[in-house]
Amino acid sequence: MVEADRLEEDVVTRYETVSTTMNTALATVLHAFGYRTSRPLFGSGFTVQPPRPTP
């Protein structure tokens, strides 16, 4: 998108907004079930680790 100079187009803005919103919603649900999430060092999305066992 940068090379094509399309960052300001409406469709790109909507995509980024929807992607961020969906990632936030999914992380919220995963946290509610005890899973841990973290942002990757590069790329988008996040990594998911299983819940910690309860002693």
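Trainee: What share of the contacts in the protein between residues at least 6 apart in sequence joins residues at least 24 apart?

Mentor: The share is 0% of the contacts between residues at least 6 apart, where contact means heavy atoms within 4.5 Å. Please keep in mind that this is a predicted model, in which local features need pLDDT of at least 70 and side-chain atom pairs count only at pLDDT 80 or more, while totals for chains, interfaces and linings use all residues. Residues are numbered from 1 along each chain as its sequence is written, and side-chain values use heavy atoms, with hydrogens and water left out.

Trainee: What makes up the secondary structure of the protein?

Mentor: There are 1 helix and 2 strands, following the pattern α-β-β along the sequence; helices (H or I, at least four residues) and strands (E, at least two) are DSSP runs, numbered from the N terminus.

Trainee: How do you know that the span of H1 agrees with its 23 residues?

Mentor: The expected span is 1.5 Å times one less than the number of residues; for the 23 residues of H1 this gives 33 Å, and because the end C-alpha atoms are 33 Å apart, the two agree. Just after H1, Gly-34 takes a positive phi of about 95°.

Trainee: Why is Ala-27 called buried?

Mentor: Buried means under 20% relative accessible area, exposed over 50%, and partly exposed in between (1.4 Å probe, protein chains only). Ala-27 has 14% relative accessibility, and therefore counts as buried. Ala-27 lies in helix H1, where Val-12 and Leu-30 are buried as well. Buried residues make up 9% of the 55 residues in the protein.

Trainee: What makes the pair of Asp-10 and Arg-14 a salt bridge?

Mentor: A salt bridge needs a side-chain nitrogen of Lys or Arg within 4 Å of a carboxyl oxygen of Asp or Glu, and the side chains of Asp-10 and Arg-14 meet at 2.6 Å, N to O. By this rule the count comes to 1 salt bridge. Being 4 residues apart in helix H1, Asp-10 and Arg-14 are separated by about one helical turn.

Trainee: Are those two residues buried or partly exposed?

Mentor: Asp-10 has a relative accessible area of 48% and is therefore partly exposed, while Arg-14, at 47% relative accessibility, counts as partly exposed too.
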